[in-house]
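With the model open in your viewer, please follow the stops below in order, selecting each part as it comes up.

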Amino acid sequence: MSNKTNPLKRARTKAGHTQKWLAINAQVPTRSIQKAERGEISLENMTARNILAMAKALEVDPYILVYGKPAEEVDLSELPSEEINEINEINGVTFRPFPIR
């Protein structure tokens, strides 16, 4: 892994929260957050539910957690079509990036 800060860790620390706070508020195991921040598991391989829950708790665009940039800056043409479908649709519900207030 490069020296560049992990997008999840960057978003969490920018919000001023601990891993434990995120685990409680997103209802995601602390161990999963630790592994994701260390690069032991990729956020791309986490469940959409966990990514969305963490994004909601941190009040960030879910794409920021996965790709390090907001949805409008992600070039979806570079992603495999099945990955796009997984990101944008869960159980038949289509998700769009949500604005941060």
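Begin with the whole protein chain in cartoon view, where this predicted model shows six helices and two strands. Tracing the chain from the N terminus, you will pass through the elements in the order α-α-α-α-α-α-β-β.

Next, colour the chain by pLDDT, which averages 80 over the chain, with 70% of the residues scoring at least 70. Select helix H2, residues 19–26, to see where confidence is highest, at a mean of 97, and then strand E1, residues 89–90, where it is lowest, at a mean of 50. Where pLDDT is low, the predicted coordinates should not be read in detail.

Now switch to a surface view of the protein chain, which exposes about 6,600 Å², with carbon and sulfur atoms supplying 49% of that area. Of the 101 residues in the chain, 35% count as buried. If you display contacts between residues at least 6 apart in sequence, 47% of them join residues at least 24 apart.

Then select helix H4, residues 48–58, and ask how many of its eleven residues are buried. Eight of them are, so helix H4 is largely enclosed by the rest of the structure. To see these residues individually, show the side chains of Ala48, Asn50, Ile51 and Ala53, and go on to Met54, Ala55, Ala57 and Leu58, which are likewise among the buried residues of H4.

Conventions. Residues numbered from 1 in each chain as written. Heavy atoms only, no water. pLDDT = per-residue confidence, 0-100. Helix = DSSP H or I, 4+ residues; strand = E, 2+ residues; numbered from the N terminus. Buried < 20%, exposed > 50% of the residue type's maximum accessible area, 1.4 Å probe, protein only. Contact = heavy atoms within 4.5 Å. Areas by Shrake-Rupley, 256 points an atom, 1.4 Å probe, with all protein chains shown as cover.
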